[in-house]
Amino acid sequence: MKKQLILYTRNRCPLCDKAKDVLTQLQKEISFELIELDIEQKDEWVEQYGLMIPVVSFAGEVIQYGQISKEVIKKHLLEHTMK
């Protein structure tokens, strides 16, 4: 089963655009499905992630938020694959 990363974003968010670019580049190295969710779709997401976006989540766990690092996400995915 392919790994799924969730990217919580919102419209007009330059950091979110940059995070999506970073994750798209990472997909060339590691196979995973990227699911992009706009936090404006649910009040609970706005409450939970509004001050943190972009937020990258894997298996229900927030991996990183704000400035997204390709290396941090890559390391997390590789460690999870080895478990």
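**Close-up views of a predicted model**

View 1. Pro54 sits in the loop between α2 (43–49) and β3. This is a predicted model. The peptide bond from Ile53 to Pro54 is cis, and its omega is near -5°. Most peptide bonds are trans. Asp17 is 37 residues away from Pro54 along the chain, yet their C-alpha atoms are separated by 8.7 Å. Asp17 belongs to helix α1 (residues 14–26). With a relative accessible area of 52%, Asp17 is exposed, because the cut-off for exposed is over 50%.

**View 2. Cys13 and Cys16 form a disulfide.** The structure holds 1 disulfide. The sulfur atoms of Cys13 and Cys16 lie 2.3 Å apart. The torsion about their S-S bond is about 70°, so the disulfide is right-handed. Are the two cysteines buried or exposed? Both Cys13 and Cys16 are buried.

**View 3. Arg12 has a positive phi.** Arg12 is part of the loop between β1 and α1. The phi of Arg12 is near 55°, a positive value in a residue other than glycine. Most residues other than glycine have a negative phi. Arg12 counts as exposed, at 81% relative accessibility. Cys13, by contrast, is buried.

View 4. Strand β3 covers residues 55–58 and strand β4 covers residues 61–65. The two run antiparallel, joined by 4 bridges. Val55 stands opposite Tyr65 in β4. How many residues lie between the strands of this hairpin? There are 2. Ala59 lies in this loop between β3 and β4. Its phi is positive, near 55°. Ala59 is exposed, with a relative accessible area of 68%.

**View 5. Strand β1 pairs with β3.** Strand β1 spans residues 3–9. β1 and β3 run antiparallel, and 4 bridges join them. Which residue in β3 is the bridge partner of Leu5? The partner is Phe58.

**View 6. Four strands form an open sheet.** The strand order is β2-β1-β3-β4, and the pairing is mixed. The edge strands are β2 (32–38) and β4, each of which pairs on one side only. Neighbouring strands are turned by 25° against each other on average, direction ignored.

**View 7. The whole protein has 3 helices and 4 strands.** Along the sequence, the elements follow the pattern β-α-β-α-β-β-α. The C-alpha atoms fill a box of roughly 35 × 20 × 20 Å along the principal axes. The radius of gyration is 12 Å, which agrees with the value near 12 Å for a compact globule with 83 residues. Of the 83 residues, 37% are buried. Among contacts with a separation of 6 or more, 62% come from residues 24 or more positions apart. The protein exposes about 5500 Å². Carbon and sulfur atoms supply 48% of that area.

Notes. Residues are numbered from 1 along each chain as its sequence is written. This is a predicted model: local features need pLDDT of at least 70, side-chain atom pairs count only at pLDDT 80 or more; totals for chains, interfaces and linings use all residues. Side-chain values use heavy atoms; hydrogens and water are left out. A disulfide is a pair of cysteine sulfur atoms within 2.5 Å. Buried means under 20% relative accessible area, exposed over 50%, partly exposed in between (1.4 Å probe, protein chains only). Two strands pair if DSSP finds at least two bridges between them. The radius of gyration is taken over C-alpha atoms; the globule rule is 2.2 Å times the number of residues to the power 0.38. Contact means heavy atoms within 4.5 Å. Accessible areas come from the Shrake-Rupley method with a 1.4 Å probe; for residues, only the protein chains shown count as cover. Axes are lines fitted to C-alpha atoms, for helices over the stretch in contact, and angles run from 0 to 180 degrees between N-to-C directions.
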